[in-house]
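Work through the exercises below with the sequence and the coordinates at hand. Each task is followed by a solution in steps.

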Amino acid sequence: MKIALTSAGTTLGTPRTRAVHRAIAEARRGVPVVLAARRPLIIAPAETVGAEGLRLIDVLSSGQAVLLLAPSRAAAVLRHEVEANAPAIALKLARPLIDAETLKRAADPTMEQILPEFEMVDAPAAAEAALALGKLARLLPAMVAAPVRHGWASLPAGHDLLSVPAEDLLAYPAELAASLTKVAEVAVPLDDAKDARLIAFRALDQGIEHMAILVGDPAAQTAPLVRVHSECFTGDLLGSLRCDCGPQLRGAIARMAAEGAGAVLYLAQEGRGIGLINKLRAYTMQDRGLDTLDANRALGWQADERNFSIAAAMLRALGMTRIRLLTNNPEKVASLEACGIEVVERVPHEFAPNGVNDAYLATKAARFGHYLG
Ligand SMILES: Nc1nc2c(ncn2[C@@H]2O[C@H](COP(=O)(O)OP(=O)(O)OP(=O)(O)O)[C@@H](O)[C@H]2O)c(=O)[nH]1
Ligand SMILES: [Zn+2]
């Protein structure tokens, strides 16, 4: 099959999310994809593209090849300031594209920073969508990109690449929230709340499920107690002392049990939406002296990449649009209200520092504006 035919979203009336899911799978394997736009690009993540992928880009593209980075990462690689609000910064790459290892190091500040001098050039128009694909794939937001060669669609078999519309990548977060469906509901008595039920929500995104943990019958209350909790493998499951997530999760459930009702939304948005592996990389940067916010930025991510429209959609499906929110985070309140949820009260959810997470909590107060201590 040739490139033009694989552009899902327009063929057979398939939802526009389908091309994005396929592109995510290709990106994670390091296979280049065509970014369909007025000036189409062939792109692949710096983190996963190997020698073979780079060779394919060389064959299928012409014109200036670049490495696209988020401004916060580009500034470190270039060793000078860049426009912080630019959608992406482009660094010139010489052809043939041969050095996959250097590209990986340029993407990843946790690796040894043996880097050549890079030169900044104008970013292509579709650069933001290219970086969006890296982020959706939970890879480092660093993409190799080059203009698609004229006549690319008539290349021999074996060179057929998936094509994904740039606009579909940018529209994806909103499409995702709209795709949520309730798929299972069952009683699961918990240590801290015997009268608990789990309701699973599935979005059209590769099987990551979001859970609602209901204690009692919160929807029957005029403004039930709700905790919107982002998944934390290290804190929730392993009891990591680096954060406060474990005590916040168990504490929320215990409090709801004491009140007789409440709901915890357990969102598959690990590491404030950057994914577990990137959170572990952010921890490495924190061990080198950065705080939690600057560590995210050093990797090319924003401080908080969560999509709270998913939480709002779940609350609506559960019949809870007027809530008391257990949180210390003013952004969470604002984000939910922006999605149409009425937060009638913010209920503090503070736990004492444990000797390891003290600086993390202090940063949340000082730099994220959390109501703490
Ligand atoms: N990127 C990153 N994520 C972290 C770090 N520490 C914890 N997290 C993640 O932060 C998320 C926890 O956020 P929440 O519990 O919703 O907390 P919050 O936004 O700080 O607000 P509260 O409602 O007050 O707790 C989880 O997904 C954790 O994995 C870190 O150092 N870096
Ligand atoms: Zn945590």
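**Exercise 1: the annotated active site**

Solution. The classes are buried for 20 or more other C-beta atoms within 10 Å of the residue's own, exposed for 12 or fewer, and partly exposed in between, with C-beta atoms placed from the backbone. The model is predicted: local features need pLDDT of at least 70, side-chain atom pairs count only at pLDDT 80 or more, and totals for chains, interfaces and linings use all residues. Residues are numbered from 1 along each chain as its sequence is written, while chains are lettered from A and ligands numbered from 1 in the order in which they are written.

Step 1: R306 has 20 C-beta neighbours inside 10 Å and therefore counts as buried.

Step 2: locate both residues. D304 sits in the loop between helix 11 and helix 12 (309-317), and R306 is placed in the loop between helix 11 and helix 12 as well. Helices (H or I, at least four residues) and strands (E, at least two) are DSSP runs numbered from the N terminus.

Step 3: list contacts, meaning C-beta atoms, placed from the backbone, within 7 Å of each other.

Step 4: the unreviewed UniProt entry places the feature "active site" at D304 and R306. UniProt positions follow the numbering used here, feature names are shortened, and annotations may be inferred rather than shown by experiment.

**Exercise 2: the annotated binding site**

Task: find which residues carry the feature "binding site" in UniProt, and describe C232 and C243.

Solution. Step 1: the unreviewed entry in UniProt gives C232, C243 and C245.

Step 1: C232 lies in the loop between strand 11 and helix 7 (233-237). With 24 other C-beta atoms within 10 Å, C232 is buried. Not counting residues up to four places away in sequence, C232 touches C243, C245 and E270.

Step 2: C243 lies in the loop between helix 7 and helix 8. C243 is buried, because 22 other C-beta atoms lie within 10 Å. Apart from neighbours within four places in sequence, the contacts of C243 are C232, G235, N357 and Y360.

**Exercise 3: the shell around ligand 1**

Task: how many residues surround ligand 1, and which elements contribute?

Solution. Step 1: count residues whose C-beta atom, placed from the backbone, lies within 6 Å of the ligand. The shell around ligand 1 holds 23 residues, the closest being S230, C232, T327, N328 and N329.

Step 1: two or more residues each come from strand 11 (225-230), helix 8 (245-259), helix 9 (270-273), helix 10 (276-287) and helix 11 (292-298). Helix 9 gives the most, with three residues.

Step 2: sort by residue type. Ala, Val, Leu, Ile, Met, Phe, Trp, Tyr, Cys and Pro count as nonpolar, Asp, Glu, Lys and Arg as charged, and the others, Gly among them, as polar. The shell around ligand 1 divides into five nonpolar, 12 polar and six charged residues.

**Exercise 4: backbone exceptions**

Solution. Step 1: most residues other than glycine have a negative phi, and most peptide bonds are trans.

Step 1: the bond from R95 to P96 is cis, with omega near -5°. P96 falls in the loop between strand 4 (89-93) and helix 4 (100-107).

Step 2: R79 has a positive phi of about 60°. R79 is placed in the loop between helix 3 (71-78) and strand 4, and counts as exposed because it has 9 C-beta neighbours inside 10 Å.

Step 3: R272 has a positive phi near 55°. R272 belongs to helix 9, and with 21 C-beta neighbours inside 10 Å counts as buried.

**Exercise 5: the chain as a whole**

Task: how many helices and strands does the protein chain have, and what are its dimensions?

Solution. Step 1: the protein chain has 14 helices and 14 strands.

Step 1: the C-alpha trace spans about 65 × 50 × 30 Å along its principal axes.

Step 2: of the 373 residues, 43% count as buried.

Terms used
Two residues are in contact if their C-beta atoms, placed from the backbone, lie within 7 Å.
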